[in-house]
Amino acid sequence: QVQLVESGGGLVQPGGSLRLSCAASGTIFSIYAMRWYRQAPGKQRELVATISSSGYSTNYADSVKGRFTISRDNAKNTVYLQMNSLKPEDTAVYYCNLQASWGQGTQVTVSS
């Protein structure tokens, strides 16, 4: 059974940075693409970033392009989301995703 555990969320001021982590277990992590999603209150869950199994290919939502970076360490079964220049509209619960499996989410709040 796949388990995904996110960490690294918190409260940050606009313009600040956070790095989210998602540790995976119960699967051969290195053969799957990984994704980060987010869901703000009253809104649908949206795809933020995708990384290929090797880590060589990445894609981003237009809203975060140039500010967020997705990366992975297959030796540690972990995917990361580095978030810079954070804006209040980035406030959401962030989830990592592997195939049909989801983590519990980690809250990111951007506020002064």
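This is a predicted model: local features need pLDDT of at least 70, side-chain atom pairs count only at pLDDT 80 or more; totals for chains, interfaces and linings use all residues.
Colleague: Is Ser-57 buried, partly exposed or exposed, judged by its relative accessibility?

Modeller: Relative accessible area under 20% is called buried and over 50% exposed, with partly exposed in between. Ser-57 has 38% relative accessibility, so Ser-57 counts as partly exposed. This serine sits in the loop between β5 and β6 (58-60).

Colleague: Which residues is Ser-57 in contact with, leaving aside its neighbours within four places in sequence?

Modeller: Those contacts are Thr-50, Ile-51 and Ser-52.

Colleague: Let's turn to disulfides. How many does the model have?

Modeller: The general idea is that a disulfide is a covalent bond between the sulfur atoms of two cysteines. In a model we look for a pair of cysteine sulfur atoms within 2.5 Å. By this rule there is one disulfide, and it joins Cys-22 to Cys-96, with an S to S distance of 1.9 Å.

Colleague: Which parts of the chain does the pair of Cys-22 and Cys-96 tie together?

Modeller: Cys-22 belongs to strand β3 (residues 18-25) and Cys-96 to strand β9 (residues 92-98), so the pair ties together parts that are 74 residues apart in sequence. Both cysteines are buried.

Colleague: Why is the disulfide of Cys-22 and Cys-96 called right-handed?

Modeller: Look at the torsion about the S-S bond: for Cys-22 and Cys-96 it is about 45°, so the disulfide is right-handed.

Colleague: What about the nonpolar core? Which residues of the largest one touch the most other members?

Modeller: A nonpolar core is built from buried residues of nonpolar types, joined through side-chain atoms within 4.5 Å. The largest one here has 27 residues, and Trp-36, Leu-81, Met-83 and Tyr-94 touch the most other members. As for the strands, β3, β4 (34-39), β5 (46-51), β7 (68-73), β8 (78-83), β9 and β11 each supply at least two residues of this core.

Colleague: You mentioned β11. Where does the side chain of Thr-106 have a polar atom 3.1 Å away?

Modeller: At the backbone nitrogen of Gly-9, which lies 3.1 Å from a polar atom of the Thr-106 side chain. Thr-106 itself is in strand β11 (residues 106-110), and it is buried, with a relative accessible area of 10%. Not counting residues up to four places away in sequence, Thr-106 touches Glu-6, Ser-7, Gly-8, Gly-9, Leu-20, Ala-92, Val-93 and Tyr-94.

Colleague: What does Arg-19 touch, with residues up to four places away in sequence not counted?

Modeller: Arg-19 touches Ser-7, Gly-8, Tyr-80, Leu-81 and Gln-82. This arginine is found in strand β3, and at 47% relative accessibility it counts as partly exposed. Arg-19 and Arg-45 are 26 residues apart in sequence, with a C-alpha to C-alpha distance of 20 Å.

Colleague: On to the rings. How many aromatic pairs does a search of the whole structure find?

Modeller: The search finds two aromatic pairs. Tyr-95 and Trp-102 make an edge-to-face pair, with 6.5 Å from centre to centre and 85° between the planes. Tyr-37, Tyr-95 and Trp-102 form one aromatic cluster. Tyr-95 counts as buried at 14% relative accessibility, whereas Trp-102 is partly exposed, with 36% relative accessible area.

Colleague: Which residue lies over the face of Trp-102?

Modeller: Arg-45 does, at 4.6 Å from the ring centre. Elsewhere, the charged end of Arg-72 sits over the ring of Phe-29, 4.4 Å from its centre.

Colleague: One backbone matter to finish. What is the phi of Ser-85, and what is that of Gln-99?

Modeller: Ser-85 has a positive phi of about 50° although it is not a glycine. This serine lies in the loop between β8 and β9 and counts as partly exposed at 41% relative accessibility. Gln-99, also not a glycine, has a positive phi of about 55°. The loop that holds Gln-99 runs between β9 and β10 (101-102), and at 53% relative accessibility Gln-99 counts as exposed.

Note on methods: Residues are numbered from 1 along each chain as its sequence is written. Side-chain values use heavy atoms; hydrogens and water are left out. Helices (H or I, at least four residues) and strands (E, at least two) are DSSP runs, numbered from the N terminus. Buried means under 20% relative accessible area, exposed over 50%, partly exposed in between (1.4 Å probe, protein chains only). A polar contact is a pair of N or O atoms within 3.5 Å; within protein, one must be able to donate a hydrogen and the other to accept it, and residues adjacent in sequence count only if both atoms are side-chain atoms. Contact means heavy atoms within 4.5 Å. Rings of Phe, Tyr and Trp (its six-membered ring) pair if their centres lie within 6.5 Å; planes under 30 degrees apart count as stacked, over 60 as edge-to-face and the rest as tilted. A charge sits over a ring if NZ of Lys or CZ of Arg is within 6 Å of the ring centre and within 35 degrees of the ring normal.
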